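Subject: Handover of a structure

Dear colleague,

Please find below the structure that I am handing over to you. My notes on it follow.

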Amino acid sequence: MHKLSVHLVVYNSEKYLPYCLEALHNQSFKDFSVLIIDNYSNDQTISVIEDFLKNPMHKFLEERTVIIKNAKNIGFAPAHNQAIQWTKSELICMMNPDILMDYDYFKHCIEFLDQHPTTAAVSGALFQWDFNQCISNESDASLTEYGKTDRIDTLGLTLTRKHKILELNQAPVKDHPYEVFGVSGALPLYQRNALQAVKVPLFEKSFKIYLNQAKPKLYEYFDTDFFCYKEDVDLAYRLRLFGFSAYTVPKARAWHDRTARANSASTIKNRRAKSA
């Protein structure tokens, strides 16, 4: 069994996958497996993944990757719950397809967790990825270098006095790990034992049926009521309530094309566009 299980949930993600998978394949830390869950994509997502893995140059990744095809789009949170149920690794990385990781991303995060085993979650310094630069330079061999910026996407989650959760994206990047309220759901690493401590039973039919079960069969790690967006905030709260900590590890660097990014001028419009 591998030390780390990487869970990649995809839905109509074809444009990102060649970059995302290449960065995953090139990680310096090698003791990981990959579980890809497709949420019923209707573009070329599956073909792109299969073609990438068939390439002899990507044999390393092909040998440790499993692809699951859901019969409908069940959402980001439920799909990641599936992945956690189906894997047994000590550590879990929940990965978005619109992420480009630095070569040593896993290495730096896991070195920190090995030295701080009571920490529940870590994430690196995530910067904004200008994906359009990749598209405009398709003929170039070093595609993964295009679009990388030094603009901060997130350095973790912070809690205000009014209990509003904000992305840390205004403060300067520190040169050492530091504690945060929680980590963003874009590219977090979790200790499985921490997730097991805060999981809750999944009530599939009724509370009465659940009470009649000697042991619940399924659990939620992410709250499936969220479908997608803010499930990472809810999980951060539960980990905190159980006494766990979360850290940002700045040496671990990645780039994120956050398509739902909001700014001060569009926060209200962005919020209204999201599901209640």
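Which element gives the most to the lining of the largest cavity? Helix H9 does, with four residues. Before the details, please note that this is a predicted model, in which local features need pLDDT of at least 70 and side-chain atom pairs count only at pLDDT 80 or more, while totals for chains, interfaces and linings use all residues. Residues are numbered from 1 along each chain as its sequence is written, and side-chain values use heavy atoms, with hydrogens and water left out.

The cavity. A search of the whole structure finds one cavity of 30 Å³ or more, and the volume of the largest cavity is about 60 Å³. A cavity is a set of points, on a 1 Å grid over the protein atoms alone, where a 1.4 Å probe fits but cannot get out; lining residues have an atom within 4 Å of a point. The volume is the space filled by probe spheres set on the points. Of the 13 lining residues, Ala121, Gly182, Ala236, Leu239 and Ala246 are the closest to the centre of the largest cavity. Strand E6 (119-129), helix H9 (231-241) and strand E14 (245-256) each supply at least two residues of this lining. Helices (H or I, at least four residues) and strands (E, at least two) are DSSP runs, numbered from the N terminus.

The helix pair. The axes of helix H1 (residues 17-25) and helix H2 (residues 45-54) come within 10 Å and cross at roughly 35 degrees. Axes are lines fitted to C-alpha atoms, for helices over the stretch in contact, and angles run from 0 to 180 degrees between N-to-C directions. In this pair, Leu17, Pro18, Leu21 and Glu22 of H1 meet Thr45, Val48, Ile49 and Phe52 of H2; contact means heavy atoms within 4.5 Å.

Two buried residues. Val6 belongs to strand E1 (residues 4-10) and is buried, with a relative accessible area of 0%. Buried means under 20% relative accessible area, with a 1.4 Å probe and protein chains only. Not counting residues up to four places away in sequence, Val6 touches several residues, including Leu24, Phe32 and Phe106. Ile152 lies in strand E7 (residues 148-154) and is also buried, with a relative accessible area of 15%. The C-alpha atoms of Ile152 and Val173, 21 residues apart along the chain, are separated by 8.3 Å.

Yours sincerely

Key: On a 1 Å grid over the protein atoms alone, a cavity is a set of points where a 1.4 Å probe fits but cannot get out, and a pocket is an open set with protein on both sides within 12 Å along at least five of seven lines; lining residues have an atom within 4 Å of a point. Buried means under 20% relative accessible area, exposed over 50%, partly exposed in between (1.4 Å probe, protein chains only).
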